[in-house]
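Work through the exercises below with the model open. Each task is followed by its solution.

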Amino acid sequence: MLDIKTTKTTTPKELPDKDDPLKFGTIFTDHMFIMDYEEGKGWHDARIIPYQPISLEPSAMVFHYGQEMFEGLKAYKTEDGRILLFRPHMNAKRTNNTCRRLCIPEIPEEDFVQAIKELVKIDKAWIPTKEGTSLYIRPFIIATDPFLGVRPSHTYKFMIILSPVGPYYPEGLNPVKIWIEDEYVRAVKGGIGEAKAGGNYVASLKAQIKAYEEGYSQVLWLDGVHRKYIEEVGAMNIFFKINNVVVTPKLNGSILPGVTRDSVIKMCNHWGIKVEERLISIDEVYNAHKDGLLEEVFGTGTAAVISPVGHLRWENHIMQVEDGGIGPLSQKLYNTLTGIQLGKIEDVYNWTVEVE
Ligand SMILES: *Cc1c(COP(=O)(O)O)cnc(C)c1O
(Lines give C-alpha, C1' and ligand atoms only; values in the text may rest on other atoms or scores of the structure.)
Protein backbone atom coordinates (compact mmCIF):
# COMPACT_ATOMS: atom_id res chain seq x y z
CA MET A 1 0.00 0.00 0.00
CA LEU A 2 1.49 3.30 -1.09
CA ASP A 3 1.21 6.40 1.03
CA ILE A 4 0.39 8.90 -1.70
CA LYS A 5 0.74 12.60 -0.85
CA THR A 6 -1.61 14.74 -2.89
CA THR A 7 -1.20 18.36 -3.89
CA LYS A 8 -4.15 19.58 -5.89
CA THR A 9 -3.84 22.18 -8.58
CA THR A 10 -4.95 25.70 -7.71
CA THR A 11 -5.39 26.55 -11.39
CA PRO A 12 -7.52 23.79 -12.93
CA LYS A 13 -7.63 23.77 -16.72
CA GLU A 14 -10.84 24.07 -18.64
CA LEU A 15 -12.29 20.65 -19.48
CA PRO A 16 -12.46 19.91 -23.21
CA ASP A 17 -15.72 20.75 -24.90
CA LYS A 18 -18.06 17.78 -25.07
CA ASP A 19 -17.87 17.87 -28.87
CA ASP A 20 -14.06 18.07 -28.97
CA PRO A 21 -12.83 15.15 -31.13
CA LEU A 22 -10.11 14.52 -28.46
CA LYS A 23 -7.36 13.69 -30.89
CA PHE A 24 -5.31 10.84 -29.41
CA GLY A 25 -2.62 11.90 -26.94
CA THR A 26 -2.91 15.68 -27.27
CA ILE A 27 -4.76 16.78 -24.11
CA PHE A 28 -3.56 16.13 -20.56
CA THR A 29 -5.50 16.33 -17.30
CA ASP A 30 -4.82 18.49 -14.23
CA HIS A 31 -2.71 16.02 -12.25
CA MET A 32 0.06 13.45 -12.57
CA PHE A 33 1.48 10.72 -10.37
CA ILE A 34 5.19 10.57 -9.67
CA MET A 35 7.38 8.33 -7.50
CA ASP A 36 11.18 8.12 -7.23
CA TYR A 37 13.57 5.20 -6.95
CA GLU A 38 16.99 5.18 -5.40
CA GLU A 39 19.20 2.18 -4.84
CA GLY A 40 19.09 1.20 -1.17
CA LYS A 41 15.92 3.21 -0.61
CA GLY A 42 13.61 1.59 -3.13
CA TRP A 43 10.52 3.31 -4.58
CA HIS A 44 9.58 6.26 -2.39
CA ASP A 45 7.87 9.67 -2.24
CA ALA A 46 4.71 8.61 -4.08
CA ARG A 47 2.81 11.79 -4.85
CA ILE A 48 0.08 13.26 -7.00
CA ILE A 49 0.87 16.79 -8.09
CA PRO A 50 -0.41 19.26 -10.68
CA TYR A 51 0.51 18.18 -14.24
CA GLN A 52 3.75 20.04 -14.98
CA PRO A 53 7.13 19.84 -16.73
CA ILE A 54 9.83 17.85 -14.94
CA SER A 55 13.42 18.89 -14.54
CA LEU A 56 16.23 16.45 -15.41
CA GLU A 57 19.99 16.65 -15.90
CA PRO A 58 20.94 16.66 -19.60
CA SER A 59 23.16 13.74 -18.64
CA ALA A 60 20.17 11.70 -17.38
CA MET A 61 20.71 8.18 -18.67
CA VAL A 62 17.31 7.89 -20.35
CA PHE A 63 18.39 10.50 -22.93
CA HIS A 64 21.45 8.56 -23.98
CA TYR A 65 20.81 4.85 -23.77
CA GLY A 66 17.03 4.65 -23.79
CA GLN A 67 16.41 2.89 -20.48
CA GLU A 68 12.67 3.55 -20.51
CA MET A 69 9.42 1.58 -20.43
CA PHE A 70 5.76 2.49 -20.75
CA GLU A 71 2.26 1.08 -20.45
CA GLY A 72 -1.14 1.98 -21.85
CA LEU A 73 -4.63 1.28 -20.54
CA LYS A 74 -7.96 3.08 -20.27
CA ALA A 75 -10.58 4.17 -17.75
CA TYR A 76 -14.25 4.34 -18.77
CA LYS A 77 -17.27 6.00 -17.21
CA THR A 78 -20.41 3.86 -17.24
CA GLU A 79 -23.91 5.19 -17.83
CA ASP A 80 -24.65 4.90 -14.10
CA GLY A 81 -21.54 6.93 -13.26
CA ARG A 82 -19.12 4.18 -12.17
CA ILE A 83 -15.48 4.28 -13.27
CA LEU A 84 -14.03 1.07 -14.70
CA LEU A 85 -10.47 0.03 -15.53
CA PHE A 86 -9.93 -2.87 -17.93
CA ARG A 87 -7.65 -5.65 -16.59
CA PRO A 88 -5.14 -3.26 -14.91
CA HIS A 89 -3.35 -6.14 -13.18
CA MET A 90 -2.31 -7.41 -16.62
CA ASN A 91 -0.60 -4.09 -17.23
CA ALA A 92 1.03 -4.27 -13.79
CA LYS A 93 2.39 -7.76 -14.57
CA ARG A 94 3.58 -6.70 -18.00
CA THR A 95 5.28 -3.65 -16.47
CA ASN A 96 7.36 -5.94 -14.30
CA ASN A 97 8.18 -8.28 -17.19
CA THR A 98 9.36 -5.25 -19.13
CA CYS A 99 11.28 -3.93 -16.10
CA ARG A 100 13.13 -7.22 -15.68
CA ARG A 101 14.20 -7.19 -19.32
CA LEU A 102 15.37 -3.56 -19.17
CA CYS A 103 17.06 -3.85 -15.72
CA ILE A 104 14.59 -1.38 -14.19
CA PRO A 105 13.46 -2.03 -10.59
CA GLU A 106 10.02 -3.65 -10.41
CA ILE A 107 6.92 -2.05 -8.89
CA PRO A 108 4.61 -4.12 -6.67
CA GLU A 109 1.49 -4.90 -8.72
CA GLU A 110 -0.89 -3.58 -6.09
CA ASP A 111 1.03 -0.28 -5.86
CA PHE A 112 0.87 0.12 -9.63
CA VAL A 113 -2.91 -0.37 -9.66
CA GLN A 114 -3.41 1.79 -6.55
CA ALA A 115 -1.49 4.70 -8.09
CA ILE A 116 -3.65 4.52 -11.22
CA LYS A 117 -6.87 4.36 -9.23
CA GLU A 118 -6.02 7.35 -7.04
CA LEU A 119 -4.93 9.50 -9.96
CA VAL A 120 -7.99 8.60 -12.04
CA LYS A 121 -10.22 9.38 -9.06
CA ILE A 122 -8.75 12.87 -8.67
CA ASP A 123 -9.15 13.64 -12.37
CA LYS A 124 -12.41 11.75 -12.86
CA ALA A 125 -14.15 14.84 -14.25
CA TRP A 126 -11.83 14.42 -17.25
CA ILE A 127 -13.23 11.01 -18.24
CA PRO A 128 -15.26 11.75 -21.36
CA THR A 129 -18.59 10.00 -21.79
CA LYS A 130 -19.45 10.40 -25.45
CA GLU A 131 -19.66 7.20 -27.50
CA GLY A 132 -16.21 5.73 -28.16
CA THR A 133 -14.33 8.03 -25.76
CA SER A 134 -12.27 7.14 -22.68
CA LEU A 135 -9.46 8.32 -20.45
CA TYR A 136 -6.14 6.96 -21.70
CA ILE A 137 -3.68 6.16 -18.89
CA ARG A 138 0.04 6.31 -19.61
CA PRO A 139 2.34 4.95 -16.87
CA PHE A 140 6.09 5.08 -17.65
CA ILE A 141 9.51 4.77 -16.03
CA ILE A 142 12.72 6.60 -16.96
CA ALA A 143 16.34 6.21 -15.85
CA THR A 144 17.60 9.43 -14.25
CA ASP A 145 21.24 8.93 -13.15
CA PRO A 146 23.39 11.83 -14.44
CA PHE A 147 25.98 9.52 -16.01
CA LEU A 148 27.31 8.75 -19.48
CA GLY A 149 28.69 5.29 -18.76
CA VAL A 150 26.73 2.28 -19.91
CA ARG A 151 25.07 0.34 -17.08
CA PRO A 152 21.61 0.23 -15.51
CA SER A 153 20.74 3.48 -13.73
CA HIS A 154 20.63 3.58 -9.91
CA THR A 155 17.77 6.11 -9.89
CA TYR A 156 14.43 6.24 -11.72
CA LYS A 157 11.16 8.09 -11.91
CA PHE A 158 7.82 6.32 -12.32
CA MET A 159 5.12 8.63 -13.63
CA ILE A 160 1.51 8.37 -14.74
CA ILE A 161 -0.23 10.91 -16.95
CA LEU A 162 -3.81 10.88 -18.22
CA SER A 163 -5.28 11.94 -21.53
CA PRO A 164 -8.95 12.04 -22.56
CA VAL A 165 -9.23 10.38 -25.98
CA GLY A 166 -11.90 10.18 -28.65
CA PRO A 167 -12.72 7.14 -30.74
CA TYR A 168 -9.60 5.95 -32.53
CA TYR A 169 -11.49 6.11 -35.81
CA PRO A 170 -13.79 9.14 -35.58
CA GLU A 171 -15.81 8.01 -38.62
CA GLY A 172 -16.50 4.66 -37.00
CA LEU A 173 -14.88 1.25 -37.28
CA ASN A 174 -13.11 1.73 -40.60
CA PRO A 175 -10.87 -0.90 -42.13
CA VAL A 176 -7.21 0.12 -42.35
CA LYS A 177 -4.69 -0.41 -45.12
CA ILE A 178 -1.61 -2.29 -44.06
CA TRP A 179 1.86 -2.35 -45.55
CA ILE A 180 3.78 -5.60 -45.06
CA GLU A 181 7.36 -4.57 -44.45
CA ASP A 182 10.11 -6.71 -45.99
CA GLU A 183 13.15 -4.45 -45.61
CA TYR A 184 13.19 -3.20 -41.99
CA VAL A 185 12.48 -5.30 -38.90
CA ARG A 186 11.07 -4.25 -35.54
CA ALA A 187 12.55 -6.81 -33.19
CA VAL A 188 14.21 -10.20 -33.01
CA LYS A 189 13.95 -12.99 -30.49
CA GLY A 190 16.37 -12.26 -27.67
CA GLY A 191 15.95 -8.51 -28.19
CA ILE A 192 13.36 -6.30 -26.50
CA GLY A 193 10.35 -6.91 -28.76
CA GLU A 194 8.30 -8.46 -25.98
CA ALA A 195 9.00 -5.51 -23.67
CA LYS A 196 6.86 -2.38 -23.90
CA ALA A 197 9.74 0.01 -24.46
CA GLY A 198 10.22 3.23 -26.39
CA GLY A 199 13.20 1.60 -28.10
CA ASN A 200 10.90 -0.64 -30.11
CA TYR A 201 9.09 2.38 -31.44
CA VAL A 202 12.14 4.30 -32.58
CA ALA A 203 13.11 1.18 -34.53
CA SER A 204 9.74 1.26 -36.27
CA LEU A 205 9.59 4.88 -37.48
CA LYS A 206 11.47 4.45 -40.74
CA ALA A 207 9.10 1.79 -42.04
CA GLN A 208 6.09 3.72 -40.78
CA ILE A 209 7.09 6.75 -42.85
CA LYS A 210 7.68 4.54 -45.86
CA ALA A 211 4.20 3.04 -45.44
CA TYR A 212 2.58 6.50 -45.07
CA GLU A 213 4.28 7.67 -48.23
CA GLU A 214 2.78 4.72 -50.08
CA GLY A 215 -0.69 5.57 -48.72
CA TYR A 216 -0.78 2.96 -45.94
CA SER A 217 -1.63 3.69 -42.31
CA GLN A 218 0.18 0.86 -40.52
CA VAL A 219 3.09 -1.52 -40.92
CA LEU A 220 2.83 -5.28 -40.52
CA TRP A 221 6.16 -6.69 -39.36
CA LEU A 222 7.66 -9.96 -40.48
CA ASP A 223 10.13 -11.87 -38.29
CA GLY A 224 13.67 -10.57 -38.27
CA VAL A 225 15.38 -13.85 -39.16
CA HIS A 226 13.47 -15.38 -42.06
CA ARG A 227 11.43 -12.28 -43.07
CA LYS A 228 8.65 -14.73 -43.51
CA TYR A 229 6.58 -15.22 -40.35
CA ILE A 230 4.04 -12.62 -39.28
CA GLU A 231 4.72 -10.77 -36.04
CA GLU A 232 2.45 -7.78 -35.33
CA VAL A 233 1.24 -4.40 -36.56
CA GLY A 234 2.55 -1.06 -35.24
CA ALA A 235 1.05 -0.98 -31.75
CA MET A 236 -1.33 -3.86 -32.31
CA ASN A 237 -1.32 -7.63 -32.38
CA ILE A 238 -2.77 -9.26 -35.47
CA PHE A 239 -5.39 -11.95 -36.12
CA PHE A 240 -6.44 -13.77 -39.29
CA LYS A 241 -9.64 -15.72 -39.76
CA ILE A 242 -8.89 -18.39 -42.31
CA ASN A 243 -11.50 -20.95 -43.28
CA ASN A 244 -13.37 -20.53 -39.96
CA VAL A 245 -10.28 -20.77 -37.73
CA VAL A 246 -8.82 -17.75 -35.97
CA VAL A 247 -5.02 -17.70 -36.20
CA THR A 248 -2.63 -15.34 -34.41
CA PRO A 249 1.17 -15.46 -34.15
CA LYS A 250 2.28 -17.18 -30.96
CA LEU A 251 4.24 -15.19 -28.40
CA ASN A 252 7.72 -16.09 -29.50
CA GLY A 253 9.83 -13.52 -27.67
CA SER A 254 9.74 -10.75 -30.25
CA ILE A 255 6.01 -9.97 -30.09
CA LEU A 256 4.37 -7.74 -27.49
CA PRO A 257 1.88 -9.76 -25.40
CA GLY A 258 -1.20 -7.53 -25.72
CA VAL A 259 -3.95 -7.44 -23.13
CA THR A 260 -6.47 -7.03 -25.96
CA ARG A 261 -4.91 -10.02 -27.75
CA ASP A 262 -5.35 -12.16 -24.65
CA SER A 263 -8.95 -10.95 -24.23
CA VAL A 264 -9.83 -11.75 -27.86
CA ILE A 265 -8.42 -15.28 -27.53
CA LYS A 266 -10.44 -15.83 -24.35
CA MET A 267 -13.65 -14.51 -25.92
CA CYS A 268 -13.24 -16.70 -29.02
CA ASN A 269 -12.62 -19.73 -26.81
CA HIS A 270 -15.71 -18.87 -24.78
CA TRP A 271 -17.80 -18.63 -27.96
CA GLY A 272 -16.51 -21.98 -29.24
CA ILE A 273 -14.49 -20.44 -32.08
CA LYS A 274 -11.29 -22.31 -32.78
CA VAL A 275 -8.15 -20.22 -32.11
CA GLU A 276 -4.62 -21.24 -33.01
CA GLU A 277 -1.55 -19.47 -31.63
CA ARG A 278 1.22 -20.59 -33.94
CA LEU A 279 3.73 -19.57 -36.59
CA ILE A 280 1.95 -18.12 -39.59
CA SER A 281 3.88 -17.22 -42.70
CA ILE A 282 3.05 -14.49 -45.17
CA ASP A 283 2.86 -17.18 -47.88
CA GLU A 284 0.12 -18.94 -45.92
CA VAL A 285 -1.89 -15.71 -45.72
CA TYR A 286 -1.28 -15.01 -49.40
CA ASN A 287 -2.37 -18.49 -50.42
CA ALA A 288 -5.44 -18.37 -48.18
CA HIS A 289 -6.41 -15.12 -49.86
CA LYS A 290 -5.82 -16.59 -53.31
CA ASP A 291 -8.02 -19.56 -52.44
CA GLY A 292 -10.78 -17.32 -51.11
CA LEU A 293 -10.30 -18.55 -47.53
CA LEU A 294 -9.02 -15.34 -45.90
CA GLU A 295 -12.24 -14.28 -44.22
CA GLU A 296 -11.14 -11.55 -41.82
CA VAL A 297 -8.03 -9.74 -40.65
CA PHE A 298 -7.96 -7.47 -37.61
CA GLY A 299 -5.53 -5.81 -35.23
CA THR A 300 -6.00 -5.66 -31.45
CA GLY A 301 -4.74 -3.02 -29.01
CA THR A 302 -5.88 -0.73 -26.21
CA ALA A 303 -6.04 2.40 -28.37
CA ALA A 304 -8.27 1.14 -31.21
CA VAL A 305 -9.57 -2.01 -29.41
CA ILE A 306 -10.32 -3.91 -32.67
CA SER A 307 -9.07 -2.55 -35.96
CA PRO A 308 -10.36 -4.31 -39.07
CA VAL A 309 -7.87 -4.63 -41.90
CA GLY A 310 -9.36 -4.21 -45.36
CA HIS A 311 -6.29 -4.16 -47.56
CA LEU A 312 -2.81 -5.67 -47.29
CA ARG A 313 0.14 -5.07 -49.53
CA TRP A 314 3.03 -7.51 -49.68
CA GLU A 315 5.71 -6.78 -52.27
CA ASN A 316 3.66 -6.26 -55.43
CA HIS A 317 0.67 -8.24 -54.25
CA ILE A 318 -2.47 -6.60 -52.96
CA MET A 319 -4.91 -8.53 -50.82
CA GLN A 320 -8.38 -7.10 -50.39
CA VAL A 321 -10.19 -8.58 -47.36
CA GLU A 322 -13.99 -8.66 -46.85
CA ASP A 323 -14.33 -6.42 -49.93
CA GLY A 324 -12.58 -3.80 -47.82
CA GLY A 325 -15.38 -3.85 -45.20
CA ILE A 326 -15.67 -5.08 -41.60
CA GLY A 327 -16.08 -8.77 -40.91
CA PRO A 328 -18.80 -10.06 -38.59
CA LEU A 329 -16.33 -11.49 -36.06
CA SER A 330 -14.36 -8.21 -35.90
CA GLN A 331 -17.59 -6.32 -35.30
CA LYS A 332 -18.80 -8.78 -32.64
CA LEU A 333 -15.46 -8.66 -30.81
CA TYR A 334 -15.50 -4.85 -30.89
CA ASN A 335 -19.07 -4.62 -29.62
CA THR A 336 -18.53 -7.14 -26.84
CA LEU A 337 -15.20 -5.80 -25.66
CA THR A 338 -16.31 -2.16 -25.61
CA GLY A 339 -19.63 -3.25 -24.08
CA ILE A 340 -17.76 -4.90 -21.18
CA GLN A 341 -15.40 -1.95 -20.81
CA LEU A 342 -18.35 0.45 -20.56
CA GLY A 343 -20.27 -1.77 -18.17
CA LYS A 344 -23.08 -2.28 -20.71
CA ILE A 345 -22.57 -6.03 -21.12
CA GLU A 346 -22.21 -8.46 -18.25
CA ASP A 347 -18.53 -9.00 -17.50
CA VAL A 348 -18.52 -12.81 -17.34
CA TYR A 349 -14.72 -12.82 -17.38
CA ASN A 350 -14.28 -10.54 -14.35
CA TRP A 351 -12.08 -8.20 -16.32
CA THR A 352 -13.22 -4.79 -15.14
CA VAL A 353 -12.01 -3.21 -11.91
CA GLU A 354 -14.01 -0.41 -10.36
CA VAL A 355 -12.34 2.78 -9.13
CA GLU A 356 -14.10 3.79 -5.93
C1 LIG B 1 0.97 -2.00 -26.44
C2 LIG B 1 1.27 -2.75 -27.67
C3 LIG B 1 0.37 -3.68 -28.23
C4 LIG B 1 -1.05 -3.88 -27.74
O5 LIG B 1 -1.15 -4.25 -26.40
P6 LIG B 1 -2.51 -4.01 -25.60
O7 LIG B 1 -2.17 -4.45 -24.22
O8 LIG B 1 -3.55 -4.84 -26.23
O9 LIG B 1 -2.79 -2.55 -25.69
C10 LIG B 1 0.78 -4.41 -29.33
N11 LIG B 1 2.00 -4.23 -29.88
C12 LIG B 1 2.87 -3.34 -29.37
C13 LIG B 1 4.20 -3.20 -30.03
C14 LIG B 1 2.55 -2.56 -28.26
O15 LIG B 1 3.42 -1.68 -27.78
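**Exercise 1: the ligand site**

Task: find which residues are closest to the ligand.

Solution. The ligand is surrounded by 15 residues (a heavy atom within 4 Å). The closest are Lys 196, Tyr 201, Glu 232, Thr 260 and Thr 302. This is a predicted model, in which local features need pLDDT of at least 70, side-chain atom pairs count only at pLDDT 80 or more, and totals for chains, interfaces and linings use all residues. Numbering runs from 1 along each chain as its sequence is written, and side-chain values use heavy atoms, without hydrogens and water.

Next, take the polar atoms. A side-chain N or O atom of Lys 196 is 2.7 Å from a ligand oxygen. For Tyr 201, a polar side-chain atom lies 2.5 Å from an oxygen atom of the ligand. Glu 232 places a polar side-chain atom 2.5 Å from a ligand nitrogen.

Last, the cover. On its own the ligand has 380 Å² of accessible area (Shrake-Rupley, 1.4 Å probe). The protein covers 97% of that.

**Exercise 2: helix 7**

Task: state where the buried residues of helix 7 fall, seen down its axis.

Solution. Helix 7 (a DSSP run of H or I, at least four residues) spans residues 282–290. Ile 282, Val 285 and Ala 288 are buried (under 20% relative accessible area). Just after helix 7, Gly 292 has a positive phi of about 75°.

**Exercise 3: Leu 148**

Task: decide whether Leu 148 is buried or exposed.

Solution. Leu 148 has a relative accessible area of 52%. The cut-off for exposed is over 50%. Leu 148 is therefore exposed.

Terms used: Buried means under 20% relative accessible area, exposed over 50%, partly exposed in between (1.4 Å probe, protein chains only). A polar contact is a pair of N or O atoms within 3.5 Å; within protein, one must be able to donate a hydrogen and the other to accept it, and residues adjacent in sequence count only if both atoms are side-chain atoms. Helices (H or I, at least four residues) and strands (E, at least two) are DSSP runs, numbered from the N terminus. The arc is that of the directions from the helix axis to the C-beta atoms.
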